[in-house]
Amino acid sequence: MATEINVNGAATSSDWQDRYYHVDQILDRPGPRTDPSFLAGDEVKDFLRNKCKILVIGAGGLGCEILANLALTGFKDIHLIDMDTIDISNLNRQFLFRPADVGRPKAIVAAEYVMKRVPGVQVTPYYGKIQDKGDDYYLQFNLVICGLDSVEARRWINATLVNLVDPENPESLKPLIDGGTEGFKGQARVILPTVSSCYECSLDMLNKPTTFPICTIANTPRLPEHCIEWASVLEWPRARGDEKLDTDDPEHIGWLYSIAVARAKEFKIEGVTWSLTQGVVKNVIPAIASTNAIIAASCCNEAFKIATSSAAYLNNYFMLIGTEGVYSYTFEHEKRDHCPVCGGEALEMPISRDWTVEQLIELLTEKQNIQIKKPSLATPGKPIYFQQPPQLEEATRPNLEKKVLELVPDGGEVVVTASTLPFSLSLIITYI
Amino acid sequence: MIKIWSMKKNEDAATKKRPKTSAAQIRVQKDLTELDLPPTMKTNFPDPTDLLNFTLTITPDEGMYNGGAFTFSFTINTNYPHEPPKVKCMQTIYHPNVDLEGNVCLNILREDWKPVLNLNSVMVGLQYLFLEPNADDPLNKEAAEELRKNREQFLYNVKTSMRGGNIKGVTYHKVLV
């Protein structure tokens, strides 16, 4: 019951006595590993419970766990983004959803559920894509915590938060906590944009999604998966033309399933089922509720430690392998010098207003500290001058005589690539 | 909140504003501007400002496909280089490793793709298919059978198909230049 007892100075009207008794054991006094800046007592509690604004991305298997953990730890201003709706197959582990919720947006249902169960917590849902939101939106949070299932979304949010960092504004650096699970394996990591290794730095550690040689699929299928790939990779474009395969459309999955079954029968292969069909085309790895629980707990633990400075936070990569026994390993993933997102740096390039592109290129090749052979230049989204391939060289050649000012605004960015550069170089053009 | 900013100051004092261009875009720019193609391969950009959609024409100067011009479409998505480019042959051709819909059986386009590979490696791989068609990984099974069992007939079929002829009820595109 919500009673009007004011405990610890930081409680609100919905808090009852000893609501946070256990959490307060950590916040009321420093410990041996506490950060020196930790101020035990009311101030830190006030920040956690009344001031800290946290963004949760993903309201699926990890997201449900994360949301519940955060709410119960004492975070009270939580924002939640998810673009999905609830499927019946989610209900075994996404415990904030009930059968009656099937078809409704995950973000909205999860927010309603947590607000109903945990008094005083405000969860603000957004049903849509992370890409819908701009810098201003992400700037309002203290922390971002992700429970995503796609590499693409992770790369996007990572790059967005790295780009958000403004050297003039300390508040622009938003710690990113990323959780991920695949069956019995999982990982949790803390990314301090521009300070520690980012998601893009570790992109080459990823396993590629399971694919089969297309000739095996076409000629010598042995597995049920081969039959499903036959249906989705070869038969779909043949029979349905340019129609885009929507892996969430039951009619589409049903079509693939029937084609795959026929193929399997022809080759006497067993095991093609509806759920396997859906699994193969969506590249789904069975989700294990307990892996999600462990990873979400680790992520929320980090969020709590970072928000309160009450203990040393993860530096910076924790992985869990539960396939044989329980094994975990924590290490510091290092920043990659030539990471296309957080590596390298943008060079300020003040030039005269009547400089041509050719003059800029000449400067790049001559300047002692740059010395680039045959640089190719582009603004975000548009080539300025490309050395290769011949057709683009020809198409961009007229730009050589143009003034840089006509192509790049003041303070605009130019991406330079060249074979002598490990990756690329960014120039920020200013006019004098 | 922990004070990350102070750590940052110590670590690198002169951090500049970071680039806004997406990693995939920069990587495509890097791959394209460093292409080193032999005269037998030529790219074409229908829209020179769109670097993610283009075609490649291969005109082999030796081997059994000598004299033909074969065009492939390249589609690159924003998850490049985590995902390989999507490549399809735009003509109906008689080749053991290319089916009649234009799907291509090249290991580095699917199961052996790695982000360290680039557009140049894919293009060179495609050209190799015309110099050394591979009967062991068939997509066009009949063509592969012919290549394995009756090389003379296969050569004849290749020539017929490249002229725009008909083989076993399939009319092929004329690709001779």
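Predicted model: local features only at pLDDT ≥ 70, side-chain atom pairs only at ≥ 80, totals over all residues.
Residues are numbered from 1 along each chain as its sequence is written, chains are lettered from A and ligands numbered from 1 in the order in which they are written, and side-chain values use heavy atoms, with hydrogens and water left out.

**Exercise 1. Describe the contact between chain A and chain B.**

Step 1: Start with the residues. Chain A brings 74 residues to the contact and chain B brings 52; contact here means heavy atoms within 4.5 Å.

Step 2: Move on to area. The size of an interface is often given as the accessible area lost when the parts come together. For chain A and chain B, the buried area is about 5,600 Å², with 59% of it from carbon and sulfur atoms. (Buried area is the accessible area, with a 1.4 Å probe, that two parts lose on being put together, summed over both.)

Step 3: Pick out the residues that stand out. On the chain A side, N163(A), I214(A) and Q391(A) lose the most area to chain B, and together they make up 10% of what that side buries.

Step 4: Look at polar pairs. There are 15 residue pairs in polar contact between the chains, both residues at pLDDT 80 or more. (That's a pair of N or O atoms within 3.5 Å; within protein, one must be able to donate a hydrogen and the other to accept it, and residues adjacent in sequence count only if both atoms are side-chain atoms.)

Step 5: Sort the residues. The side of chain A that touches chain B has 43 nonpolar, 18 polar and 13 charged residues. (Ala, Val, Leu, Ile, Met, Phe, Trp, Tyr, Cys and Pro count as nonpolar, Asp, Glu, Lys and Arg as charged, and the others, Gly among them, as polar.)

**Exercise 2. Find salt bridges between the chains and inside chain A.**

Step 1: Side chains of opposite charge can pair when their charged atoms come close. The rule used here asks for a side-chain nitrogen of Lys or Arg within 4 Å of a carboxyl oxygen of Asp or Glu.

Step 2: Count them. Over all chains there are 20 salt bridges, and two salt bridges run between chain A and chain B.

Step 3: Look across the interface. E229(A) and R110(B) form a salt bridge through their side chains, at 2.7 Å from N to O.

Step 4: Now stay in chain A. K45(A) and D28(A) pair up at 2.7 Å, N to O. K45(A) sits in helix 2 (residues 42–51) and D28(A) in the loop between helix 1 (21–27) and helix 2 of chain A, so this pair ties together parts that are 17 residues apart in sequence. (Helices, H or I with at least four residues, and strands, E with at least two, are DSSP runs numbered from the N terminus.)

**Exercise 3. Trace the sheet in chain A.**

Step 1: Get the order. Chain A has an open sheet of eight strands, ordered 3-2-1-4-5-6-7-8, with mixed pairing. (Two strands pair if DSSP finds at least two bridges between them.)

Step 2: Find the edges. Strand 3 (122–127) and strand 8 of chain A each pair on one side only.

Step 3: Check one end. Strand 2 (residues 77–82) and strand 3 of chain A run parallel, joined by six bridges, and H79(A) faces T124(A) in strand 3.

Step 4: Check the other end. Strand 7 (residues 317–321) and strand 8 (residues 327–331) of chain A run antiparallel with five bridges. They form a hairpin with five residues between them, and G325(A) in the turn has a positive phi of about 70 degrees.
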